[in-house]
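Hi everyone, thanks for coming. Let me put the structure up on the screen, and then we can walk through it together.

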Amino acid sequence: HAIGNLQHSGASADTCDHVLPEVERLEGMGMTAVLVSEDKKVIGIIGITDELRSDSKGVIDALKKLKVTPVMLTGDNQRAANYIAEKVGISEAYGALLPEQKSELIIKLQSRYGRVAMVGDGVNDAQALSCADVSIAMGKGTDTLMDTAMITLRTSDLLLLPKVFRLSRQTVSLMYRNLFWAFIYNTVGIFVAAGVLYPVYDILLSPA
């Protein structure tokens, strides 16, 4: 996009041909390239990148063990997205996304995978969070993000994400066990309350 603007501004083709490989190189290293120009001539290129957290790959590995398929959505350019995804072990990454495009992609992922959980930490993620089946906001997110999300992690510790999935599955499992035993108890209790055991064992329960 920056190269396109540079061409429209009247920069020479030679300048663009010289700059483009360097921009692609920086983006291939996971950076966003910022061009510095003077009199329609590029005099410098700045590469900006976020530092990859040391626990990122471990979190992705833990999620995969829980049968969770990780997908990365980012507003950064596609080359930077691919670079980071490869570093942490994510095989599916989408870059250069606007907030509404993230929402559209969430819907597409739901049709492909079924239930989708979205993790976000910025206001640009709020719209996509509202479309997800489960929305998770990181602790340092904005108030708007936390109001949108179903789950808010009070810190930005990524290692909490696998714990969220394990805890939710344990909770659902406990609910099913409770429902099972409640069904058994009520099935037996109905017959006892009806007086089936009263003639022989003198046992009777109140219907209530």
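Let's start with one side chain: Phe-180 is partly exposed, at a relative accessible area of 44%. Before going on, please keep in mind that this is a predicted model.

How are Phe-180 and Trp-181 arranged as an aromatic pair? They sit edge-to-face, with 5.1 Å from centre to centre and 75 degrees between the planes. The count of aromatic pairs comes to one.

Now let's step back to the whole chain. You can find nine helices and seven strands in it. Its radius of gyration is 27 Å, whereas a compact globule of 208 residues would have one near 17 Å. Along the principal axes, the C-alpha trace spans about 105 × 30 × 30 Å.

How much of the chain is buried? Of the 208 residues, 32% count as buried. The accessible surface comes to about 13700 Å², and carbon and sulfur atoms account for 57% of that. As for contacts between residues at least 6 apart in sequence, 32% of them join residues at least 24 apart.

Finally, a sheet. Three strands make an open sheet in the order S5-S6-S7, and the pairing is parallel. Its edge strands are S5, residues 117-120, and S7, residues 151-152, each pairing on one side only. Strand S6 covers residues 134-137 and pairs with S7 over two bridges, in the parallel sense.

Conventions
Residues are numbered from 1 along each chain as its sequence is written. This is a predicted model: local features need pLDDT of at least 70, side-chain atom pairs count only at pLDDT 80 or more; totals for chains, interfaces and linings use all residues. Side-chain values use heavy atoms; hydrogens and water are left out. Two strands pair if DSSP finds at least two bridges between them. Helices (H or I, at least four residues) and strands (E, at least two) are DSSP runs, numbered from the N terminus. Rings of Phe, Tyr and Trp (its six-membered ring) pair if their centres lie within 6.5 Å; planes under 30 degrees apart count as stacked, over 60 as edge-to-face and the rest as tilted. Buried means under 20% relative accessible area, exposed over 50%, partly exposed in between (1.4 Å probe, protein chains only). The radius of gyration is taken over C-alpha atoms; the globule rule is 2.2 Å times the number of residues to the power 0.38. Contact means heavy atoms within 4.5 Å. Accessible areas come from the Shrake-Rupley method with a 1.4 Å probe; for residues, only the protein chains shown count as cover.
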